[in-house]
Amino acid sequence: MTSTDRFIPDRLTSPLQKRLKSWETLLLAVAIAIFIANSLASPYFLNAWNLSDATFNFTEKAMIAFAMALLIIAGEIDLSVASIIALASTAMGAAAQFDVSTLTLVLIGLSVGLACGAFNAVLVTMMGLPSIVVTIGTMSLFRGISYIVLGDQAYRGYPGAFSYFGQGYVFWVISFEFVLFAVLAVIYGVVLHKTNFGRAVYAIGNNATGALFSGIRVDRVKFILFLLTGLMSGIAAVCLTSRLGSTRPSIGLGMELEVVTMVVLGGVNILGGSGSIPGVVIAAFVMGLVTFGLGLLNVPGIVMSIFIGALLIGVIALPRLWSMLRK
Amino acid sequence: MLADHAADAPILRLDRITKTFPGVKALSEVQLALYPGQVTALIGENGAGKSTLVKVLTGIYQPDGGQITVDGTPVSFPTAQDAAAHGITAIHQETVLFDDLTVAENIFLGHAPKGRFGLIDTAAQRRMARDLLDSIGAEIDPDTRLRDLGIASKHLVAISRALSIDARVVVMDEPTAALSHKEIHELYDLVEQLKSQGKAILFISHKFDEIFKIADRYTVFRDGQFVADGRIADVTEGDLVKMMVGREVDQIFPKRTPNIGAEVLEVVGYSHPTEFADIGFTLRAGEILGFYGLVGAGRSEFMQALFGITKPSKGVTKIDGQIRVIRSPAEAVNAGIVYVPEDRGLQGAIRPLPIFQNVTLASLNRTPRKGFINLANEFALAREYTKRLDLRAASLDTPVGNLSGGNQQKVVIAKWLATQPKVIILDEPTKGIDIGSKAAVHDFMAELASQGLAVIMVSSEIPEVLGMSDRVIVMRDGRMVAEVSGPEMTPETLVRHAAGIAEATL
């Protein structure tokens with residue numbers, strides 16, 4: 001065109017500046033504050049083995065939270081994750097009664113997770129039903145099957161090697177679950193922030209119609225996201241079952257809300273469109289540290305859940321309060 | 001000449017009404033009078049100011065100057081409620097009703113009959129709604145939720161609502177656009193009924209047959225100015241068309257010498273169960289093909305089918321002579337067909353995302369590292385295409401939603417150019433954008449064609465269609481009714497074909 005060369009800069013604020021002002025930075029400060037408070041409050045806190053134990057408070061939830069973060073950013077949600085754990089665990093427990101190999105058990109757990117995810121995906125993407133309703137339904141459905149199969153019984157008798165996933169250590173105090181958590185964090189971080197797929201997730205969450213009109217295969221992306229949450233629930237089921245050594249139908253009861261809390265605390269917009277994996281990782285640590293620290297102080301579980309709830313509201317209200325106070 | 005109506009004073013009169021928007025004079029000292037028991041047709045092209053006038057009448061816009069009088073008394077309508085209080089009500093193109101409420105609730109929203117304790121007397125409300133619906137011969141259950149009704153029934157509900165507030169002036173803004181033949185005739189009967197009750201009706205329509213069927217008077221606007229008014233009996237269709245379009249094409253369009261190359265796109269027998277039928281044409285590289293028609297003629301619906309959004313029941317698309325099956329926008333983009341939608345905010349741009357991400361959104365798969373994002377490449381691509389389009393923005397990581405309409409449109413076009421398409425479809429590309437950006441979009445369209453892109457432009461603005469296109473296809477009621485080029489491309493021809501007026505009457 002004939003106009004004078006108009007220069008548009010790529011950015012007005014540098015990425016570093018942006019990062020300093022981000023939600024993740026605030027959350028990291030909160031995590032550090034809690035860490036310091038914990039170490040002052042209890043002499044048992046700064047102990048490698050105790051800290052290692054603390055990671056079990058969040059590793060399984062965080063695995064699901066990564067996939068849930070993508071799903072929520074894309075404007076959908078899956079509330080059936082904890083029930084998928086129950087169903088996958090029940091399936092593994094039933095199979096374990098026939099002395100199958102550890103590998104088979106793991107494959108069964110993952111397959112059940114994937115199948116449940118696919119079931120949600122079909123209902124949402126092919127039949128056009130709202131995901132919140134579909135997954136509230138499948139939340140009852142999946143766990144209901146476990147209750148029918150197990151009643152007030154429990155499955156035990158998992159093979160010895162199976163206990164590695166929830167109880168094994170890769171190196172010194174570094175547990176298998178923690179390594180898996182770290183690897184998954186990196187994978188999900190790359191997928192969301194460095195791939196076309198991740199960009200499509202943001203586009204869909206901000207404007208699904210616009211994304212469709214831009215040539216993005218919206219339904220396919222959503223289908224994959226539901227499969228991923230299902231698969232992650234399957235993986236969490238393997239870890240949790242292995243750690244507990246038994247399956248009851250109430251396994252992981254209520255975990256879906258803790259997962260959603262972790263995702264929202266991590267800065268993911270519950271309405272979709274924004275959020276990051278580093279945020280969810282820090283949120284996982286925050287929640288783990290709080291639960292563990294309160295545990296060391298012998299605070300009962302009920303009070304802990306009150307504290308987590310207050311923390312969620314507090315951290316979310318903080319930026320808004322801050323801007324209101326400055327006016 | 002008007003002796004037989006001299007006794008009737010107008011219920012509503014507008015005098016020298018002016019309404020200005022930034023950069024546009026939407027209405028310039030226009031006048032309008034509505035008489036009891038008469039239907040006045042408001043006639044004009046898209047952009048003539050008809051919709052703005054309706055909004056002034058119903059209290060949605062405040063005029064910058066001029067006088068509104070009701071029964072000879074000057075009034076003003078600061079809010080929509082004030083207009084309603086003076087007995088003015090409008091039935092819009094897209095009826096402004098509430099899908100999740102029942103028919104009765106919609107009719108009486110805001111003035112429901114009250115029972116004890118000031119609560120809504122639902123039984124009375126239902127009964128009164130039933131009476132109103134019966135009085136216009138509408139067989140609709142007052143308890144139905146509006147969502148479950150068709151467009152025609154929704155119109156009837158809107159009319160019942162108008163009657164329920166005892167309206168004296170009823171504005172009907174293209175009420176037949178979405179109706180079937182039978183429903184249109186039922187509407188005519190209803191208009192007759194309203195007339196016999198002494199109501200003044202303002203009837204906005206592009207269809208000359210219905211104007212001549214039901215209107216008593218006409219008022220013609222052009223480019224926001226009053227042109228003429230009078231009695232329908234005194235004019236012919238030809239006269240009205242001349243009043244509507246009779247002006248110099250005063251916008252300046254880029255001069256271009258078409259550099260037309262090989263055939264790129266061939267469409268054969270595209271049909272849809274309800275929206276369009278039997279659309280077929282060819283398009284060559286470097287050509288700009290205009291699609292003209294009235295709102296609701298099926299142009300956008302056809303274009304969206306070509307782009308894979310809606311599924312046609314029949315039809316073949318060939319690109320460079322090869323049949324391409326297009327079932328989704330993704331497949332259309334792969335085949336080289338891209339679509340710049342009319343609804344920029346919803347369908348065009350992802351407004352909360354930054355400019356550079358919008359520009360590269362459709363071409364991420366074309367970057368060297370397949371599947372992965374490389375920020376440096378991404379910014380380079382965004383820089384290249386935003387520069388080509390002369391985008392005005394503070395930085396490339398500004399959210400698109402912060403830009404003006406014209407610049408948002410440039411971002412959408414940049415997104416598609418980055419995919420290096422063969423055919424670009426622009427649906428009302430300059431609708432709602434300022435004059436300056438309009439010219440930039442026109443220049444750019446011409447440049448794209450000269451670079452060998454095949455361009456399809458859907459437009460309802462006659463000067464734009466005539467100024468930009470090498471060839472024009474006119475659609476009416478979902479069908480191609482004419483293909484004109486060269487000296488045949490005149491405003492009269494387009495209007496005549498679009499409105500379905502026989503040759504002889506002109």
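Select Ser271(B) and look across to E14(B): Ser271(B) stands opposite Lys314(B) there. Keep in mind that this is a predicted model.

Now select residues 263-271 of chain B, which make up strand E11.

**The whole sheet**

Four strands of chain B form an open sheet, in the order E12-E11-E14-E15. The pairing is antiparallel. Which strands are at the edge? Select 279-284 for strand E12 and 322-324 for strand E15, both in chain B. Each of these edge strands pairs on one side only. Turn the view along the sheet: the twist averages 20° from one strand to the next.

**All of chain B**

Zoom out. Chain B has 17 helices and 20 strands. Its C-alpha atoms fill a box of roughly 75 × 60 × 45 Å along the principal axes. For 506 residues, a compact globule would have a radius of gyration near 23 Å; chain B has 25 Å, which agrees. Colour by burial, and 46% of the 506 residues count as buried. Take contacts between residues at least 6 apart in sequence: 69% of them join residues at least 24 apart.

**Across to chain A**

Select residues 277-296 of chain A, helix H14. Its 20 residues, at 1.5 Å a residue, should span 28 Å; the end C-alpha atoms are 29 Å apart, so the two agree. Is H14(A) mostly covered or mostly open? Mostly covered: 16 of its 20 residues are buried. Last stop: Asn298(A), which follows H14(A) and has a positive phi, near 60°.

Key
Residues are numbered from 1 along each chain as its sequence is written. Chains are lettered from A and ligands numbered from 1 in the order in which they are written. This is a predicted model: local features need pLDDT of at least 70, side-chain atom pairs count only at pLDDT 80 or more; totals for chains, interfaces and linings use all residues. Two strands pair if DSSP finds at least two bridges between them. Helices (H or I, at least four residues) and strands (E, at least two) are DSSP runs, numbered from the N terminus. Axes are lines fitted to C-alpha atoms, for helices over the stretch in contact, and angles run from 0 to 180 degrees between N-to-C directions. The expected span of a helix is 1.5 Å times one less than its number of residues. A residue is buried if 20 or more other C-beta atoms lie within 10 Å of its own, exposed if 12 or fewer, and partly exposed in between; C-beta atoms are placed from the backbone. The radius of gyration is taken over C-alpha atoms; the globule rule is 2.2 Å times the number of residues to the power 0.38. Two residues are in contact if their C-beta atoms, placed from the backbone, lie within 7 Å.
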